[in-house]
Amino acid sequence: MALNWKLKEALAARLAREKGYYLHSAGGRTRFALAYPNSYFVGMSNLGFHIIYDVLNRRTDTACERFFLPERREFEEYVRTRTPLLSMETQTPLSEFAVVGFAVSFEMDYFHLLDMLEAGRVPLLAAERDERTPLVIAGGPCATFNPEPLSPFVDAFIIGEGEETVGRFMDAYHAAKDDGASRAEILRLLSRVPGVYVPSLYEHIYNDSGELDVIRPIGDAPAQVERQWVKNLDDYPAHTVVVTDETEFDMYLIETARGCGRHCRFCMAGYCFRKPRNRSLSVLKDAVKAAKVYEKRIGLMGAAISDHPEIDALSEYILAENMTMSVASFRADSVTETLVRSLAESGMKTITLAPEAGSVKMRAVVNKGIEEEHLFRAMDLGMAAGIRHYRLYIMIGLPQETEEDVDAIAALTGRLKDYLERNDSRSTLKLSVNPFIPKPFTPFQWTAMADKKYIEAALKRLKKSLLSRKGVELIAEPPKSAYIQAVLARGDRRVGRALYRAHTMGGAKAFRQAMKAEGLEEAYYIFRAYGAQDVLPWDVLDMGVKKEYLYEEWKRAERLETTIPCFDGCRRCGVCD
Ligand code: SF4
Ligand code: SF4
């Protein structure tokens, strides 16, 4: 097996620039390859990846090493020199690991997962692996809400939050290995671990019209797999584990909270990671202290940062420690003066707000709970702190949206810009517009996505209305890319065939062609509304939220009824039973 010295040296050099990685001596430990299906830069910016790396390496029986998708030039070098994909820590080929675990956060990374398996000389199809090949597992948000398109390539999925499940997975794996179990027996035993889904133990049966009719467990596989969640976040690491300068924002990440209780009806994170939990201030302060030696800006992570009850105390503590902080966005209705001032003092130049829609009606449909007065107030706080650039996240193509609702986005933008200008003529407002994708396990899972004609017309209308506004910029995600994401997010097992074929034809750019070649229609997956009785490809998973509850939320959206957030003592959705 050729191992190119240049590639090995590049990995070793990058490792030398890191702090905090694990390097276990060989022998005695099971080798676990933790793989991120995107570049080092993107993967190392993912806090979940750091946390699982830490959890696995803290075990006495596992040695976890990291793998990333090589950058284009580096990948060409791997191919040219026939070098198999190598790990960061010891530059060992992927196929020499017992378990390969992918952390999958984005649908478009599915293509990279296949690229990495091939580059690592691991058979792509689970059915083609034998006793000598690694077990391939996957976890992360995408694996949690709909693993089916990846099911031909993955032996087992970790459903939900991985901190505890991955430990139980390794315990069961070692016990089975100690008993001399075969690969098939190991998978059967793993399927009994709560939160582990072994797709080969389920048959998907389609009716004559090609609709999914039944998902049938084989043997003693459980009828449904329950997603797992960490009850006490303080029990697990909250921050960056391996420190490097080569990340997206060059920050030290600290997770303040997980889950979200705001019930926005489009939000997969809000439904799959319930219920909302906060890390304690003392644990967060410890994480800040740990960050201090690295002299990096702190990036606070969480579904709704400003909802943390101690956010002011934490912000003040960070500044008192002579450190700076940043957040990706916050909720306009819970943001505080202290938080905004701390961000401004930290050098943050732009505030990002996410009203998602322009009209009162659409904000009721999505149940966002953000009203205009909240946006004005957040801008007031920002301007008082000297921040002059604002960004709004907006979705188009939402259920029940009409031309008037699109016009309402432009009207809202205009009012907000007028407001900013009255205070500061150099202020700017940027609109980030994305087509709405109905995601599994949300109340919108039953609805269809808006078609291309509608999305393009809505974007055109919006652009035209904003054309004459100085200081307003509109950035829009093209519908083509959103449709591929939607097929992968909503697809069934048959979509896995298209992924496989696309891989042989050049990857993501060939996906639509591959769908056709497999006799699959993109429209079937994205423009079809499901009925209440339809079997959904992800029905084998139990997210904790009852399906009837989700359906009732869908009906409430149709009736423009809003839903209140989570509260102590609530037993509504099934998660806190
Ligand atoms: S506030 Fe809404 S959009 Fe944001 S994480 Fe919570 S549920 Fe999702
Ligand atoms: S039961 Fe109530 S508090 Fe618990 S997650 Fe569901 S809605 Fe939130």
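Colleague: Which helices each supply at least two residues of the lining of the largest cavity?

Modeller: In this predicted model, helices H1 and H4 each contribute at least two residues to the lining of the largest cavity.

Colleague: And what is the volume of that largest cavity?

Modeller: The volume of the largest cavity comes to about 90 Å³, and the count of cavities of 30 Å³ or more is 2.

Colleague: Which residues line the largest cavity, and how do they split by class?

Modeller: The lining consists of Leu11, Arg14, Tyr40, Phe68, Leu69, Pro70, Glu71, Glu74, Tyr78, Leu85, Leu86 and Met88.

Colleague: What about the second largest cavity, what lines it?

Modeller: The second largest cavity, with a volume of about 50 Å³, is lined by Met44, His50, Thr240, Val242, Val243, Thr244, Thr247, Met251, Tyr252 and Lys296. Its lining divides into 5 nonpolar, 4 polar and 1 charged residues.

Colleague: Switching to charges, how many salt bridges does the count come to?

Modeller: The count comes to 54 salt bridges. One of them joins the side chains of Arg66 and Glu18, with an N to O distance of 2.6 Å. Arg66 belongs to strand S2 (residues 62-68), whereas Glu18 sits in the loop between helix H1 (5-16) and strand S1 (30-36), so this pair ties together parts that are 48 residues apart in sequence.

Colleague: Are Arg66 and Glu18 buried or exposed?

Modeller: Arg66 is buried, at a relative accessible area of 1%, and Glu18 is buried too, at 5%.

Colleague: Where in the chain are Lys368 and Glu356?

Modeller: The side chains of Lys368 and Glu356 meet in a salt bridge at 3.2 Å, taken from N to O. Lys368 is in the loop between helix H13 (360-366) and helix H14 (372-384), and Glu356 is in strand S15 (residues 350-356), so that the pair links distant parts of the chain, 12 residues apart. Lys368 counts as buried at 10% relative accessibility, and Glu356 is buried with a relative accessible area of 9%.

Colleague: Which residues are linked in a network of salt bridges?

Modeller: Glu161, Glu163, Glu255, Arg258, Arg277 and Arg279 are linked in such a network.

Colleague: Last topic, ligand 2: which residues are around it?

Modeller: Around ligand 2 are His263, Arg274, Lys275, Cys566, Phe567, Cys570, Arg571, Arg572, Cys573, Val575 and Cys576. By class, this shell has 6 nonpolar, 1 polar and 4 charged residues.

Colleague: And what is the space taken by ligand 2?

Modeller: That space is the second largest pocket, which should be kept apart from the second largest cavity, the one whose lining includes Met44 and Lys296.

Methods
Residues numbered from 1 in each chain as written. Chains lettered and ligands numbered in written order. Predicted model: local features only at pLDDT ≥ 70, side-chain atom pairs only at ≥ 80, totals over all residues. Heavy atoms only, no water. Near = heavy atom within 4 Å. 1 Å grid on protein atoms, 1.4 Å probe; cavity = no way out; pocket = protein on both sides within 12 Å on 5 of 7 lines; lining within 4 Å. Sits in = over half its atoms within 2 Å of the grid points. Nonpolar A, V, L, I, M, F, W, Y, C, P; charged D, E, K, R; others polar. Salt bridge = Lys/Arg side-chain N within 4 Å of Asp/Glu carboxyl O. Helix = DSSP H or I, 4+ residues; strand = E, 2+ residues; numbered from the N terminus. Buried < 20%, exposed > 50% of the residue type's maximum accessible area, 1.4 Å probe, protein only. Points joined across faces, edges and corners; volume = space filled by probe spheres on them.
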